[in-house]
Amino acid sequence: MASVELPPKLARMSRGPLRLLGWGVPMGPLVLLRTRGRRSGLPRTAPVALLRFEGRQWLVSPFGDTHWVRNARADGRAHLGRGRRLRPVRLTEVDDDRAPRVLRAYRRKFRIVPFVRDAFEAREDHPVFLVEPEEP
């Protein structure tokens, strides 16, 4: 299964939030997700929208099997936050009855964002991850 590449325009646009979040600038629901590269082992960082739903935190990939999704599947551990305040988390992919509810909530909350709306119209496979604090 090959990774999905972000549309070129979106990949260029994500550089701004990546830099601002790296400086610690709040950007609404956007946070930095730092995973370990599944092949290189090097840290990989991407801006993602964190969804708070039913008292839990969730990550959804509107674009399907992106690199951060594959890295999260390979390791299950990551860091979330902005600036120097990244907290360790455990990412667990869910594909049970919770996934459709989370996807509906994600679409409802982020439907104003054009690339999210377009991504949900273009594909049906959207990985959903439950975010939990990493236990020591």
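His79 has its bridge partner in strand S5, and that partner is Pro88. This pair belongs to a predicted model, so treat what follows as a tour of a prediction. The strands involved are S4 (residues 77-82) and S5 (residues 85-93), which run antiparallel and are joined by 6 bridges.

**The barrel**
- Zooming out, 6 strands form a closed barrel in the order S1-S2-S3-S6-S5-S4, with antiparallel pairing.
- On average, neighbouring strands of this sheet are turned by 45° against each other, if you ignore direction.
- As a bit of background, strands of a sheet pair through backbone hydrogen bonds, and they can do that in a parallel or an antiparallel way.

**Helices against the strands**
- Helix H2 (residues 15-23) lies across S1 (30-36), S2 and S4, and runs at about 90° to S1.
- Helix H4 packs on the sheet and touches S2, S3 and S6, with its direction making about 95° with that of S2.

**The inside**
- The largest nonpolar core has 15 residues, and Leu51, Trp58, Val102, Tyr106 and Val128 have the most contacts inside it.

**The whole chain**
- Of its 136 residues, 38% count as buried.
- The chain exposes about 8400 Å², and carbon and sulfur atoms supply 53% of that.

Terms used:
Residues numbered from 1 in each chain as written. Predicted model: local features only at pLDDT ≥ 70, side-chain atom pairs only at ≥ 80, totals over all residues. Heavy atoms only, no water. Buried < 20%, exposed > 50% of the residue type's maximum accessible area, 1.4 Å probe, protein only. Areas by Shrake-Rupley, 256 points an atom, 1.4 Å probe, with all protein chains shown as cover. Core = buried A, V, L, I, M, F, W, Y, C linked by side-chain atoms within 4.5 Å. Pairing = 2+ DSSP bridges. Helix = DSSP H or I, 4+ residues; strand = E, 2+ residues; numbered from the N terminus. Axes fitted to C-alpha atoms, helices over the stretch in contact; angles between N-to-C directions. Contact = heavy atoms within 4.5 Å.
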